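Here are my notes on the model, point by point. Please read them with the structure open.

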Amino acid sequence: MKGSTKKSNKKYLIILLIVFLLALAIGYAAFTDTLNITGTANANGTFDLEFQNATVDSTVGCDAEGTKATISADKNTLNVVVKDLAYPGAGAQISVDIANVGTIPAKVLSVTPKNVTGSDNIKISGLDAITTTHPSIDANGVCHLTFTVEWDKDSTANLTEEEKAGISFGLEIEYTQDTSTMFEGTPAHKDA
């Protein structure tokens with residue numbers, strides 16, 4: 001009986017080995033059914049905002065001819081000069097377009113004056129309007145900004161002779177990519 005038990009165990013072992021090899025073959029076949037997709041993804045967008053069409057709209061109590069708004073050669077800075085402020089409340093209103101000349105929508109974070117000559121008696125207002133009313137500019141879009149520069153009408157302090165002679169500063173745009181609008185495609189499959 002010992003001999004038949006050994007033969008029976010050998011049969012089970014051989015059957016088990018065959019089942020194991022079949023399982024490996026089926027598993028290999030199942031996991032090698034792979035779809036290979038090749039291609040190239042390109043991110044070819046341009047990202048650029050610039051100042052355009054700067055004008056001095058109006059002046060009160062200052063030199064209208066000496067008051068200027070000029071755009072730098074690289075169009076990244078608006079240089080503003082308000083000349084000969086005569087009294088508190090004197091100033092100028094200036095308009096400029098901010099254009100998205102890129103292909104990627106941009107979100108304006110701030111329009112900030114840099115290197116302001118003058119004291120706390122000089123008030124620049126209206127620059128935050130773009131971030132609250134029109135923060136996003138689509139590709140090839142334009143946003144119009146109007147702001148004022150004035151000797152604060154509530155000021156009781158006198159400007160220095162240098163400040164009265166001219167207030168100057170440069171405006172710069174801080175912006176980032178607008179990711180609020182996302183592509184929503186409809187995936188589909190069609191047999192040929």
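1. The protein chain has three helices and nine strands, taken as DSSP runs numbered from the N terminus (helices H or I, at least four residues; strands E, at least two). From the N terminus on, the order is α-β-β-β-β-β-β-α-β-β-α-β.

2. This is a predicted model: local features need pLDDT of at least 70, side-chain atom pairs count only at pLDDT 80 or more, and totals for chains, interfaces and linings use all residues. Residues are numbered from 1 along each chain as its sequence is written, and side-chain values use heavy atoms, with hydrogens and water left out.

3. Of the 192 residues, 27% count as buried (under 20% relative accessible area; exposed is over 50%, partly exposed in between; 1.4 Å probe, protein chains only).

4. The largest nonpolar core has 30 residues. Such a core is a set of buried Ala, Val, Leu, Ile, Met, Phe, Trp, Tyr and Cys residues joined through side-chain atoms within 4.5 Å. Leu85, Ile98, Phe147 and Val149 touch the most other members. β8 (142–151) is among the elements that give two or more residues. With five, β8 gives the most.

5. Phe147 deserves a look. Leaving aside neighbours within four places in sequence, its contacts include Leu78, Ile94, Leu127 and Phe169 (contact: heavy atoms within 4.5 Å).

6. Contact range: among contacts between residues at least 6 apart in sequence, 78% join residues at least 24 apart.

7. Ile26 sits in helix α1 (residues 2–31). Ile26 is exposed, with a relative accessible area of 59%.
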